[in-house]
Amino acid sequence: MNASPPIALEIAGATKRFGNTLALDGVNLTVAQGTVCALVGANGSGKSTLIRALAGYHLLDDGVVHLHGQPLNLNRMAEQGKAAGLRFVHQDLALIPTLSITDNLALERGYLVDAFGSIAWRREEERVRQELATVGVTMAPRERVLDLGPVDRALVAIARAMDHLNSARNLLVLDEPTARLPQSEANKLIDRLQAFKRRGLPIVYVTHRLDEVFRLADTVTVLRDGREVYAGPLSQLDRDDLRWLITGAAKKGQSWTGHDLGAEPAAGTDTVLELKNVCSRRLSEVSFKLRRGEILGVTGLIGSGRSELGRIVYGLQPHADGEVLVGGRPAATDPAESKARRIGYIPQDRRSGLFPGLSVLENVTVTAADRLKEWYGLSSQRLLNATASVIRSLQIKPDDPRAAVGVLSGGNQQKVALGKWLQLPLDLLILDEPTQAIDIGAKQDLMLTIQKRARAEGLAVLWLESDIEELVRYADRIIVMSAGRISAEFAQPPFDLAQVLAEAYRMVDPIADEKEDIAPVRKPSAEAAPQKSTAPSVLSRGWSLLHNYGLLLALLLLAGAFSALRPDTFPTLANLGSILTGSAALAMIAIGVTLPLIVQQFDLSPGFMATLASLLVVGFQSFDRTPVWLSICISLAVCAAVGFVNGILVAYARLSCLVVTLASGSLLFGAAEIYSNGATIYQNIPKAFLAIGQSRLAGIPLPFVYVVIVALLMWYVLEYRPLGRYLYAIGGGEEGARLVGIKVDRLVVLVFTASAVMAGLGGVVQSARVGSANASILQTLLLPAFTAAFLGATSIRPGQYNIWGTVIAVYLVGMGTTGIFMLGASSYVEPIFDGAILLVAIALAKLSARRLSQTR
């Protein structure tokens with residue numbers, strides 16, 4: 001008799017409350033080595049809460065967790081779990097969209113570094129290519145996640161979790177890993193997981209797809225309303241048993257097919273939507289009609305053009321040729337016009353159609369605000385009643401209109417996304433994967449709600465779906481797409497699932513595929529194909545250079561223009577030295593402003609921090625005869641202490657960064673005024689201190705040398721040290737950063753402290769340069785510092801705050817101001833110039849980004 005495999009994971013009595021809501025009520029979970037435990041339940045049952053508690057994102061109120069026999073500390077689940085071998089694919093993927101694929105994979109497992117601790121980028125990218133190959137995809141390691149589609153993002157998250165899995169010490173936890181995958185890719189993943197299981201890897205698998213449960217799992221744990229209602233071998237259950245356990249409502253033998261529930265297709269024949277030979281980047285001569293009261297299902301594999309079809313109809317994307325008619329008229333060219341013409345749209349990525357930081361009420365009523373207003377404005381009672389009606393009809397949990405959408409489960413978020421449209425009188429509703437990450441009971445409720453609307457009000461539904469089994473249940477007609485073309489149509493239910501599947505997965509002509517990649521907008525003519533041109537790649541490279549270095553080019557062009565207009569005074573070494581020296585303090589303060597912006601925090605204190613440091617460093621030397629080095633150290637230490645306190649209040653006390661830094665800035669200014677008695681300090685300043693700001697090194701002003709050294713150091717940390725990548729990860733998505741184990745709060749404190757020190761350095765350098773200190777000067781540099789940081793984000797690392805972009809922006813503005821004064825302009829022209837430069841740079845960055853997307 002074979003011995004039972006050892007227990008890999010054991011959770012006992014897991015309990016978690018959110019306010020008055022008991023999300024987990026004494027849940028138990030056991031996973032043996034080399035087995036798959038399916039964790040299933042309706043939306044809001046507690047599955048994702050349990051998974052996030054394991055990841056350390058939520059702190060359990062009570063419970064015990066053992067991994068491979070070793071107890072884990074509930075207060076240190078993130079670090080202990082990771083060290084003990086826990087690996088996750090979360091429902092929302094926990095990717096950082098603004099970072100590259102390489103960064104997203106390395107943040108979880110750590111970066112490959114050289115002997116000096118710097119990131120070895122070439123080795124890292126080669127490793128990422130190998131990791132992506134494990135899930136069967138080839139993508140450029142440097143590509144940013146935000147440029148990927150939903151399917152590719154899911155595959156990146158799965159590749160990250162599958163990195164170097166060791167069956168003896170790892171445990172893999174997957175929360176809805178196939179929710180965004182078409183069936184073909186989901187099948188590949190299931191095969192991969194079965195191979196891991198055969199190698200002895202224990203797996204916790206969360207899914208709403210019951211076919212995957214029966215294909216993959218050995219045991220199943222069912223949660224309902226935060227409680228465990230079943231835990232045991234899957235072999236003791238059939239599909240009806242499992243459905244009953246999940247929903248608590250369906251009985252054995254009850255039909256789950258929408259066409260068996262008495263809802264007959266509408267008899268109307270009016271055409272609501274018609275496509276005539278529509279061609280686009282992925283579509284080729286697509287034609288069909290959608291009638292009033294009909295649910296038309298469109299399916300197909302990756303690259304079939306299914307989702308692009310919905311975007312074109314709604315006006316989110318133009319088409320190259322053909323006609324799109326809605327109600328006999330050309331379709332709208334933008335979403336606002338589509339909404340006005342009674343068209344609704346739910347995108348494939350639910351987060352694109354929701355406002356996670358706003359309440360259920362605000363999300364649901366945003367589309368109907370015009371209908372719900374009274375003569376005096378919006379009626380809170382009408383808004384509340386409308387939201388309550390949607391909550392009841394779609395059974396959204398929790399049923400609190402004031403609850404933030406971001407804390408709802410994935411399925412309930414999808415219900416909110418649907419509810420904001422269903423309360424409107426629509427003629428056409430476009431649904432792109434509306435049932436992804438929704439449990440089986442909620443799927444039926446949602447689709448029956450849509451079906452009833454279609455029958456009762458004549459609503460036409462264009463349903464874009466990869467889950468063919470769902471289409472077979474609820475659609476009135478099914479179109480199958482392949483390589484941008486309609487390859488098959490099934491005109492009337494009941495549909496043969498096997499037949500639809502066979503058509504959807506029918507092999508595509510490889511020549512057709514190749515044509516789609518090269519020129520899918522039109523069918524090729526009989527003429528000989530032209531020779532491949534290198535113009536697109538040259539154009540793309542040119543716009544890429546402009547996109548990345550447009551700010552530097554603007555600096556050079558501006559220098560050339562002023563040199564031509566004032567050849568006797570502007571292009572001189574004396575003037576160059578003046579510009580380099582005069583903008584040094586602003587550059588350091590701007591770097592201090594940029595660091596918090598990288599982690600999406602606003603620090604309003606650097607200008608005041610520089611003022612205080614300036615007064616302290618000069619005052620200590622002038623009043624107390626303190627040595628130069630000691631006065632500098634004390635001044636910077638005071639700044640660091642204030643920045644540290646600001647960081648603590650923001651990160652741990654959860655106070656608004658704007659409120660905290662505005663308050664501390666005001667206090668600093670008051671302290672500076674008291675210390676200096678409102679006067680300028682300029683007496684008895686040692687020459688050694690003045691030399692810091694007035695000397696030259698090989699002819700280069702020392703203040704500019706300091707700026708270059710500081711910028712090099714910060715750039716090196718941000719680009720070549722793991723710390724810098726962690727900071728960019730926090731800025732790209734704090735929740736995702738926490739889920740991969742980054743100590744977000746500690747790093748936020750570090751950033752505020754570093755920002756204060758940088759601002760203090762700016763104050764010290766400015767005082768040494770001018771030989772005095774005054775409380776009313778340096779704080780005026782705060783606004784120009786923010787302008788430089790925002791302007792710098794349009795270049796070097798477009799779309800992200802970066803050090804070199806900030807420094808270049810500072811000297812661009814400084815050079816422009818100097819040149820304007822040399823031309824004899826009045827002082828009021830300076831702010832006009834600053835604003836004009838900012839607008840031009842942003843417009844240039846937007847233009848280059850648009851051109852890059854067209855030539856990519």
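**Salt bridges in a predicted model**

Hi everyone, let's start with a pair in helix H4 (residues 121-133): Glu131 and Arg127 sit four residues apart there, so about one helical turn separates them. Helices here are DSSP runs of H or I with at least four residues, strands are E runs of at least two, and both are numbered from the N terminus.

A quick word on the basis: this is a predicted model, where local features need pLDDT of at least 70 and side-chain atom pairs count only at pLDDT 80 or more, while totals for chains, interfaces and linings use all residues. Residues are numbered from 1 along each chain as its sequence is written, and side-chain values use heavy atoms, leaving out hydrogens and water.

Glu131 and Arg127 form a salt bridge at 3.5 Å, N to O, meaning a side-chain nitrogen of Lys or Arg within 4 Å of a carboxyl oxygen of Asp or Glu. Both Glu131 and Arg127 are buried (under 20% relative accessible area; exposed is over 50%, partly exposed in between, with a 1.4 Å probe and protein chains only).

Next, Asp476 and Arg455, whose closest N and O atoms are 2.7 Å apart in a salt bridge. This pair links distant parts of the chain, 21 residues apart: Asp476 is in the loop between helix H16 (468-474) and strand E21 (477-482), and Arg455 is in helix H15 (residues 440-457). Asp476 is buried at 5% relative accessibility, and Arg455 is buried at 18%.

Salt bridges with shared partners also join Arg109, Glu124, Arg127 and Glu131 into one network.

And how many salt bridges does a search of the whole structure find? The count is 27. Thanks, everyone!
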